[in-house]
Amino acid sequence: MTETGQHGVVSISALKGVVFDIDGTLAETERHGHLVAFNLAFEEARLDWQWSEQEYGRLLQITGGLERLLHDMAQRTVGPDAPQEREALARALHQRKNEIYLDLIRQGQIAPRNGVLRLVQECADGGLRLAIASTTSRVNAVALIESFFGADGLKLFDAIVCGEDTPLKKPHPMVYELALEKMNESAESMVAIEDSPNGVSAAAAAGLMTVLTPSVFFPIEDSLNTGATVTLDHLDAPFVFRGEQYSRMTIQALRTIHRQAD
Ligand code: XBP
Ligand code: MG
């Protein structure tokens, strides 16, 4: 990225690493994981309550599974009347949702999105640092990383910041700010990869350049004005940046885009 130095000289801070979001970015976890698990948890609790894909897509504006559940419960008459009991029910349902979600990962129901495994490996081999900035629960993040990158997968990442680590979730920049702090890197030296408008807002507010690969819940046509530096269908998809054609997202492409972005 270009910067104006002390004497007005333009200096360039080299790209040091990539911060990956989890849900929707590494995999379609919302459609094949969290939504399925929420609905199974509602069914197990014998609640007259199911979320359609359309409803869940709208609810994704609320980040954090428990927060999403509490938001939706506030509009429903299901469950007990007393506020404390309603909150206890939400917490129990969320916990059960996460247990079911972990089972889905263990059963191999959640596959990485195109290009994710390749780009992570390229970054690791090419000397770029890696981090995670997600609003999901740590237990979910760890399970997905180990499922995709093996038992030693966590070692690939120099910082893993999750939902429990910050009081404010995306679109607040805190999760990205904490990831940068843990890595001791500046925002200018890192690039974020996100799938959602809330995720891009969080990364951009923390000062990171952002690559957007919209998930199924955020179609590309709705994702064009998010403030992302580059938007592409997925990491293996072709894209155009400043008139240049790229066949897919690589570390060379990331370095070029980072150098040219201002
Ligand atoms: C998106 C989210 C998550 C998940 C559910 O996270 O909002 O909360 O929907 O996870 P990301 P929990 O920042 O990775 O895109 O139920 O564990 O909160
Ligand atoms: Mg996401």
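This is a predicted model: local features need pLDDT of at least 70, side-chain atom pairs count only at pLDDT 80 or more; totals for chains, interfaces and linings use all residues.
Residues are numbered from 1 along each chain as its sequence is written, chains are lettered from A and ligands numbered from 1 in the order in which they are written, and side-chain values use heavy atoms, with hydrogens and water left out.

Let's start with ligand 1. It has 19 residues around it, and Arg68, His94, Lys97, Ser134 and Ser137 come nearest; "around" here means having a heavy atom within 4 Å. Sort that shell by class and you get 2 nonpolar, 11 polar and 6 charged residues. For the bookkeeping, Ala, Val, Leu, Ile, Met, Phe, Trp, Tyr, Cys and Pro count as nonpolar, Asp, Glu, Lys and Arg as charged, and the others, Gly among them, as polar.

In Arg68, a side-chain N or O atom is 2.6 Å from an oxygen of ligand 1. His94 also puts a polar side-chain atom 2.6 Å from a ligand 1 oxygen, and for Lys97 the distance to an oxygen of ligand 1 is 2.6 Å too. Taken alone, ligand 1 exposes 450 Å², and the protein buries 96% of that (Shrake-Rupley areas, 1.4 Å probe).

Which helices supply the shell? At least two residues each come from α1 (29–44), α3 (65–73) and α4 (83–106), and α4 gives the most, with 3 residues. Helices here are DSSP runs of H or I with at least four residues, and strands are E runs of at least two.

Now for the metal. The magnesium ion (ligand 2) has Asp21 (OD), Asp23 (O) and Asp195 (OD) as protein donors, 2.1 to 2.2 Å away. Donors are N, O and S atoms within 2.8 Å of the metal (3.2 Å for Na, K and Ca), and water is not among the atoms, so sites may look incomplete. Along the chain the donors follow the spacing D-x1-D-x171-D. Distant parts of the chain get linked this way: Asp23 sits in the loop between β3 (17–20) and α1, Asp195 in the loop between β6 (190–194) and α8 (197–205), 172 residues apart.

Finally, the backbone. The peptide bond from Lys170 to Pro171 is cis, with omega near 15°, and Pro171 lies in the loop between β5 (159–161) and α7 (174–183). Arg46, although not a glycine, has a positive phi of about 55°; look for Arg46 in the loop between α1 and α2 (53–59).

How values were computed: A polar contact is a pair of N or O atoms within 3.5 Å; within protein, one must be able to donate a hydrogen and the other to accept it, and residues adjacent in sequence count only if both atoms are side-chain atoms.
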